[in-house]
Amino acid sequence: MTDDKDVLRDVWFGRIPTCFTLYQDEITEREAEPYYLLLPRISYLTLVTDKVKKHFQKVMKQDEVSEIWFEYEGTPLKWHYPIGLLFDLHASNTALPWCITVHFKNFPEKDLLHCHSKDVIEAHFMACIKEADALKHKSQVINEMQKKDHKQLWMGLQNDKFEQFWAINRKLMEYPPEENGFRYIPFRIYQATTERPFIQKLFRPIASGGQLRTLGDLLKDVCPNAVTPEDGEQKTQVMIHGIEPMLETPIQWLSEHMSYPDNFLHISIIPRPTD
Amino acid sequence: MPSSLLWAVDIFGRVYTLSTVGQYWELCKDAQLEFKRVSAVKQCCWGIACDHQVYTYVLSGDVPIRYQEETYENQRWNPVGGFCEKLLPSDRWQWSDVSGLKHQQLGSFTLPSPHWEWESDWYVDENIGGEPTEKGGWTYAIDFPSTYTKDKKWNSCVRRRRWIRYRRYKSRDVWAKIVSHADPDQLPDPFNDISIGGWEITDEPLGRLSVWAVSLQGRVWYRENVCHHNPEGSTWSLITTPGEVVQISCGPYDLLWATLWEGQAIVRDGIDRNNPQGISWSIVESPSPENGIMHVSVGVDVVWCVTKDRKVWFRRGVNSHNPCGTSWIEMVGEMMMVTVGLNNQVWGIGCDDRAIYFRQGVTPSELSGKTWKAIVSGRESDRSQTGSSTSLLSAGCFFTDDIQNQTNAIIQGDADTSSDTELPSVPVNLANTPPAGAAASSSANSTANQTAEILANLTLDPLDSNRGEGTVASISNEKANFEMDKSSTNPNPPAELQWTNIDLKEAQKHPVLSVSTLAETSSLSSLGMFSVGAEEQYGADEHPLWAWVSGGGCLVDLHSPLKWFTAPSGLSSSVQSLSLSISPAQTAAWRKQIFQQLSERTKRELENFRHYEQAIEQSVWVKTGTLQWWRNWKPHKWMDVRVALEQFTGSDGMRDSILFIYYMYHEEKKYIHVFLNEVTIIVEVLNEAKHSFALYTPERTKQRWPIRLAATTEQEMHDWLSLLNMSCCESRRLQGPPSHHAIWSVTCKGDIFVSEPSPELEAGPHLMPCDQMFWRQVGGHLRLIECNNRGVVWGVGYDHTAWVYTGGYGGGFIQGM
């Protein structure tokens with residue numbers, strides 16, 4: 001039997017097999033072998049690619065090495081998006097492993113944020129969690145936590161410790177029993193086809209009549225073009241963690257079980273492949 | 001608050017009740033008939049069945065419904081034979097009523113309907129006015145009619161005595177058809193709607209009710225003489241109306257509204273204690289000219305209606321002096337119908353989903369309430385699905401009503417863990433597979449009997465507190481069991497389903513059970529487990545669709561929380577809250593899809609790439625904290641210690657943990673440590689002063705000296721217990737719910753532990769089996785537990801109720817993770 005705890009585990013332990021290759025124009029002392037790695041979907045590129053960096057730096061001249069960045073088929077990959085989101089958004093329905101090109105030069109300043117240390121990632125991650133809790137609980141839960149709890153969330157993510165992370169994160173997923181859900185659902189909707197980075201609006205999980213609102217309700221509200229017109233053919237895929245939940249799925253449930261560790265539901269809307 | 005019932009009819013005509021203290025819709029005990037409509041008050045429910053006949057369902061109560069019939073035997077004295085049956089021609093009959101005006105022979109009394117029975121035969125009442133009479137119960141007088149005395153005097157010429165006989169209404173807890181003895185021509189045409197109320201108008205006679213009905217031709221009928229000792233009433237009286245009526249609603253007091261075919265409402269004027277039928281009608285127009293009123297429901301001083309476009313309206317300004325009110329206000333929501341119950345509380349049936357909604361926030365100062373809230377309570381027969389969906393983290397409860405109270409307590413307790421000092425008993429749960437009994441025995445009856453035997457054992461087996469020493473009070477692992485071969489050779493799910501049904505009925509009838517519903521619900525939960533396995537056959541949308549609801553007997557106290565709005569579960573707060581969002585139907589579809597897709601995703605993305613390196617190396621994780629430790633040497637006392645749990649990944653990729661306890665000894669820092677893979681059991685020790693637990697290893701069991709640790713708060717202790725137990729399971733490679741072969745035990749405190757047997761247990765003489773067995777706790781507290789090797793686990797709680805384990809693990813303090 002599967003239970004909802006298993007969803008949390010499946011989400012946490014999602015891995016994307018990835019092949020890193022060095023960009024052809026990078027100057028190396030000898031040939032750079034591709035590097036294969038299982039990337040945690042819920043983590044961040046710059047947090048889990050120390051090995052990649054070391055691997056390629058070995059074959060490069062020291063003075064050629066500046067800040068590492070990643071690109072997939074011409075698109076620079078934003079390290080501050082979770083890896084699973086990047087994959088769903090740019091590389092769903094492609095053959096595995098995911099082939100990422102590694103760059104050490106020509107940092108695309110207009111596309112990417114700099115990430116000089118893990119502290120930057122931590123700050124970004126904690127900022128997301130705080131924003132999410134502001135939406136869910138008016139920041140009450142996160143503010144009541146101690147510094148060490150915050151640290152435990154971060155360490156849990158950094159060290160891939162499910163229990164360590166969830167021991168604290170479960171408090172962020174609670175709400176008063178008299179209410180049927182969070183105040184607002186922290187979500188972001190990304191579309192591969194638009195320039196706009198993402199859609200984020202206030203959305204309550206419970207309708208005024210008390211009914212649970214669903215993923216479909218959310219999309220209809222904030223991103224109507226993602227929802228297929230009744231007569232039309234379905235042209236888009238709505239992906240979270242590499243799966244397409246049914247539009248009938250209550251958004252509150254999704255928020256509790258399929259949010260990334262930053263407590264946001266990152267939803268990708270991509271064109272449905274035409275076979 | 002005593003519980004009361006909300007009555008409802010689903011679209012198949014099945015009548016269900018939902019208790020204000022319950023969580024499940026219970027099928028009406030008498031489920032032979034299908035109903036169109038019901039109207040309930042506290043003590044009874046009237047309904048119109050699919051045959052358009054009116055039925056009444058009188059709930060059994062402490063007070064029997066009995067009626068005393070009486071008649072008088074009269075005699076006159078004559079000089080020849082003394083007192084004799086021969087009376088003068090001018091006298092009354094030999095048998096008459098008390099006035100002497102009505103001839104009443106003993107044999108002329110018949111039962112008014114098949115729903116009555118005689119309690120005994122006729123007998124003479126030997127008491128007159130509370131005083132015993134002379135033999136025979138005679139009273140004497142000079143002549144009829146007169147004052148009678150018990151003394152016979154010289155001039156006593158006549159005498160009489162009273163005969164009495166009691167009849168008793170026997171059709172309680174069943175639907176009793178209202179039989180009419182009147183001339184068929186005067187009988188109403190088939191009935192279309194019914195509404196009962198009016199009990200507040202007068203309490204004389206006891207239990208008086210106004211029963212109003214509408215026939216197919218649109219005529220309104222009033223049932224005469226309905227009261228406690230005459231629950232069926234006597235006759236139907238026609239009440240003239242200004243038009244053809246479609247529907248009628250009668251409040252607890254003097255409010256009575258009906259709707260006309262034309263879409264107006266009519267309001268009865270002049271209802272009072274002397275004239276409960278009222279005098280005349282006033283007409284109230286529909287709130288919108290295009291859409292007439294389709295349905296109306298009234299309470300003490302409120303009126304709600306639904307118009308033909310399904311909009312819901314509240315009538316402003318209704319009171320006893322102005323039953324028509326002043327104006328309509330449109331409310332949010334679209335409903336098929338609404339019903340106003342006690343305290344003016346309101347329920348409705350949603351237009352789209354056919355779910356029953358409760359109007360929240362109806363108070364005397366805000367009669368129109370705040371919001372509609374869907375009642376998500378499943379039917380007992382659906383427990384399965386809700387169960388399967390939510391049984392995860394801790395023990396869920398899928399049991400009887402009284403236990404659901406506790407369940408609720410658990411939910412609340414979990415939500416507020418810091419303040420609750422004593423965990424309420426958490427029911428057992430878990431076992432994710434069809435019960436063994438399912439055994440698909442070729443003879444359904446024999447299987448059912450076996451089940452009945454289990455029940456009998458459970459109920460009859462006395463609590464044997466001497467059974468074991470130490471922690472483990474009773475252990476059972478029933479090995480010999482149902483015919484396993486048959487079950488494996490007959491993998492036919494429909495057959496299994498059928499078996500459950502039979503089980504259900506058999507169990508219900510079984511006399512051993514003190515609480516008959518207990519058996520019923522318990523076996524229903526096993527039915528539940530089935531449908532998990534056979535969801536396809538069971539059908540995905542078993543979410544009830546309602547056709548009618550009546551709140552006239554349902555007393556919702558504003559201060560007592562209802563458990564109708566959460567899908568039943570006994571889970572930790574986070575999961576409990578999630579379960580709010582789950583209705584069985586949805587569960588079947590979207591939830592299943594997510595599980596399925598996740599496992600497909602894992603397969604797709606991992607299966608061929610397992611040889612890839614992990615991006616994050618598993619490192620040692622240390623959890624540290626401060627606890628108190630019951631020190632090893634004399635004088636024994638609690639001392640503050642630092643503890644650290646180190647988890648590390650072995651070369652084989654598996655994780656192991658060590659618990660370190662650092663203490664000071666003569667100013668010197670020392671430590672003891674425990675490999676968690678050697679721990680045999682971790683037990684919470686209930687102690688008023690400390691939140692403490694004990695940790696046993698084989699060595700420490702021998703020494704009778706466990707490691708005892710205490711935390712400052714219960715929460716902190718549970719955090720440690722949860723973590724240590726999880727680490728123990730991890731280092732023993734234990735995952736998921738207990739297997740079918742698990743050995744179950746309860747401690748003398750009622751904590752439930754389970755151990756997975758391994759082949760080595762019987763292997764050699766070197767190790768005692770008890771040294772190898774690891775006991776992990778599952779939620780709940782029971783005094784007795786029985787299992788078999790097919791995963792069926794039943795237990796008896798401290799409140800003498802039976803529990804069945806429905807699959808899941810964790811529970812108690814193992815929550816939220």
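User: What is the strand order of the open sheet of four strands in chain B?

Analyst: The order is β3-β2-β1-β33 in chain B, and the pairing is antiparallel. Strands β3 (25-27) and β33 (546-550) of chain B stand at the edges with a single partner strand each, so one side of each has no neighbour in the sheet. From one strand to the next, the twist averages 30 degrees, where axes are lines fitted to C-alpha atoms (for helices over the stretch in contact) and angles run from 0 to 180 degrees between N-to-C directions. This is a predicted model, in which local features need pLDDT of at least 70 and side-chain atom pairs count only at pLDDT 80 or more, while totals for chains, interfaces and linings use all residues. Residues are numbered from 1 along each chain as its sequence is written, chains are lettered from A and ligands numbered from 1 in the order in which they are written, and side-chain values use heavy atoms, with hydrogens and water left out.

User: Why is β33(B) described as largely enclosed?

Analyst: Four of its five residues are buried, so the rest of the structure largely encloses β33(B). Buried means under 20% relative accessible area, exposed over 50%, and partly exposed in between (1.4 Å probe, protein chains only). Of the 817 residues in chain B, 54% are buried.

User: Why is B:F12 called exposed?

Analyst: Its relative accessible area is 52%, which lies over the limit of 50%, so B:F12 counts as exposed. B:F12 lies in the loop between β1 and β2 (15-19) of chain B. Together with B:I11 and B:L545, B:F12 forms a nonpolar surface patch with about 270 Å² of accessible area. Patches are made of residues with over 30% relative accessible area and no salt bridge; like charges are joined within 9 Å, and nonpolar side chains (Val, Leu, Ile, Met, Phe, Trp, Tyr) within 5 Å. Areas come from the Shrake-Rupley method with a 1.4 Å probe, and for residues only the protein chains shown count as cover.

User: How do you know that B:D10 and B:R14 form a salt bridge?

Analyst: A salt bridge is a side-chain nitrogen of Lys or Arg within 4 Å of a carboxyl oxygen of Asp or Glu. For B:D10 and B:R14 the N to O distance is 3.0 Å, so the pair qualifies. B:D10 is buried at 2% relative accessible area, whereas B:R14 is partly exposed at 33%. Over all chains, the structure holds 29 salt bridges.

User: What makes B:E605 and B:R604 a salt bridge, and which network includes them?

Analyst: Their closest N and O atoms are 3.9 Å apart, so they fall within the 4 Å limit. B:E605 is buried, with 2% relative accessible area, and B:R604 is partly exposed, with 44%.

Definitions and conventions:
Pairing = 2+ DSSP bridges. Helix = DSSP H or I, 4+ residues; strand = E, 2+ residues; numbered from the N terminus.
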